Amino acid sequence: MTGSTHAVVVGGGLAGMLAAAVLARHLDAVTIVERDRLPGGPELRKGLPQARHAHILWSGGARAMDSVLPETTARLLAAGAHHVGVPQQMVTLTALGWQHRFPATEYIIGASRALIDWVIRDQALAEPGVALLDDTEVVEVCGGPRRVTGVRVRRRDDGSTALLDADLVVDATGRGSRLKSWTTGTGAVPAVEEEIVDTGLGYATRLYRAPEGAVDFPIVALYADYRRPVPGRNGLLLPIEDGRWIVTLSGTRGASPATDEGEFDAFVRSLRHPIIAELLALAEPVSPVYRTRSTANRRTHYERAASWPEGLVVLGDALASFNPVYGHGMCAAAHCAAALDAALRPGGLGPGLAWSAQRAMCAIVDDPWILATSQDIYYPDCYATTTDPRLTHEAAMRRQFAELVTGIALREPVVNAALSAVTATSAPATRFEDAEIVSAIRRGPRLPVLEDPPLTAEELSAVGYEPGRALR
C-alpha cells in the first residue's frame, strides 16, 4: 500500500486501547471512537458497569499486555496493585476441595478494573498518531462484502455526523457490539453461528478497608461445587490498591446475590466455608453493594464465515465474552491484540491481513471458551445454544478428565503448575498432553487432603484472625 494509512478502533475500553497501541506502530494514524466520555484518571466509566466487580488479570494476559505496552505491569505495581503468586498466595476452595499452596508458577495482578483501564488508556493515548473521539458513536460501517472502507459517526452532544475513511476498522465495543446492525444492507458481515452458554449468573460487590496488617494477605476464593444439583454460589476476596479488599459474590440462576447490605452479608455466610465472612468481620466496608448481570458466555464464530471483507477485525468481548468468574476476558483481549501485532509485522495492511488476523483471534478465544462453558453448562437451569461436540456428546468424557486433573492438581505440584499455566492463559490446553504431566496424572497426588483453609500462622496473626471467633 502507498500513502498515509489510517485505522479506526470502535470502542475505547481495554481491548480497544490495546488494539490502538498495536496499530499505532504499524499505521500512520489511529482514531479511537468511544460512545462514553472517558475519565481522565483511574475512574469508572458509564458504559462498563461490570468494572465495579473484581477482575482477575492472570499472568498470561499481563505478559501479553506488556508485549503490546511494555510498562503496563510495572505501572500497575507502582500504583499499588498487588503481585500475587499462584498458587502460593491463594487460599482456594475448588469444587473438589482445598488447594495446597505450592510455590508460585504463575501470578495474578490484583487491582481495580478502573486502575487497569487507566494505566492502559494513558499509555495508548500517548502513542504517536493516536487520536480519541469520545462522546461519539458509530452509526454505520461503510463498504461492502469485499472491503470495509470506514465508519460514519455521530457526536452525542450536538448530533453532528462525519465520515471517517479507514484502511482498517476494529470492532472492540464489547458485549454490546452492534456490528451486524451497523453493516445491515452492505453485506460486509456474513451470517455466522453464535453460541451462548448462560448460567444466569449475578454479581454483587463491596469494597472494604483491609485490616492494618493485611499488607501481603492472599487472595481468598470460594467456588461452588458445580456437581451438586443446586444453584452455585461463589465468593472472591481480592487485595487491590490503596489498602482495600474488593469482595465479589456471584450466584447462578436461583442464587443471585442482592444489593441489600444485609442480604450481601447473608450470602457471604452461605458460602461453602465461613472464612470470607469471618475476614470481613475484621474489615471496614467503604462502599455500598453494587450488582450486575449480563455475564453469559457468548461467542460469534467469524472463523466459519464463507467470506470476509478486507479492512475489518473483531476482537475482545465483541468476538467472545466469558463468564467473568474465570477471569479470562482481559487476557483474551490482550492475546488478541498481540495476535493483531503479529499479523501486521510481515507486510502491514496487505491483502488478506484482516482475515488472517481474525482467524488467529478466533483460535485464541477457544481455550478460555471451553474452560468456562464446559463447567458452566452443568449448573441447574443453564441456558445453552451450542452444537460444539465438546459441550454435547463429548461433555461427560471431558468433565471426567477435568475432574481428574483438578483433583490431582490440588495435591500434586507438577499437575498444578500445568493447570495454573492453562488457567492463566500462559499455555494452551494441550499442555496436559506433555509426557511429564501425563506421568504425574497417572502417578496421582502425593500430599494429603486439606480439611481447612491453608492460611499460615503469620497471615492469621497479621489480621487478628481466629477461626470462628469473628462470627460469634
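Predicted model: local features only at pLDDT ≥ 70, side-chain atom pairs only at ≥ 80, totals over all residues.
Local features need pLDDT of at least 70 and side-chain atom pairs count only at pLDDT 80 or more, while totals for chains, interfaces and linings use all residues. Residues are numbered from 1 along each chain as its sequence is written, and side-chain values use heavy atoms, with hydrogens and water left out.

Reader: Which residues of the largest nonpolar core touch the most other members?

Author: A nonpolar core is a set of buried Ala, Val, Leu, Ile, Met, Phe, Trp, Tyr and Cys residues joined through side-chain atoms within 4.5 Å. Buried means under 20% relative accessible area, exposed over 50%, and partly exposed in between, with a 1.4 Å probe and protein chains only. Of the 85 residues in the largest core, those that touch the most other members are Leu18, Leu23, Val151, Tyr302 and Met361.

Reader: Which residues does Val151 touch?

Author: Contact means heavy atoms within 4.5 Å. Residues up to four places away in sequence are not counted. On this basis, Val151 touches Val8, Val10, Val138, Glu140, Val141, Cys142, Ala162, Leu163, Leu164 and Val169.

Reader: What is the volume of the largest cavity?

Author: On a 1 Å grid over the protein atoms alone, a cavity is a set of points where a 1.4 Å probe fits but cannot get out, and lining residues have an atom within 4 Å of a point. Grid points are joined across faces, edges and corners, and a volume is the space filled by probe spheres set on the points. A search of the whole structure finds three cavities of 30 Å³ or more. The largest of these has a volume of about 120 Å³.

Reader: Which element gives the largest share of the lining of the largest cavity?

Author: Strands (E, at least two residues) are DSSP runs, numbered from the N terminus. Two or more lining residues come from each of strand 16 (233-240) and strand 17 (244-251). The largest share, three residues, comes from strand 16.

Reader: How many disulfides does a search of the whole structure find?

Author: A disulfide is a pair of cysteine sulfur atoms within 2.5 Å. Cys336 is buried, with a relative accessible area of 1%. The cysteine sulfur closest to that of Cys336 belongs to Cys362 and lies 8.0 Å away, so the distance is too far for a bond. Over the whole structure, the number of disulfides found is zero.

Conventions:
1 Å grid on protein atoms, 1.4 Å probe; cavity = no way out; pocket = protein on both sides within 12 Å on 5 of 7 lines; lining within 4 Å. Helix = DSSP H or I, 4+ residues; strand = E, 2+ residues; numbered from the N terminus.
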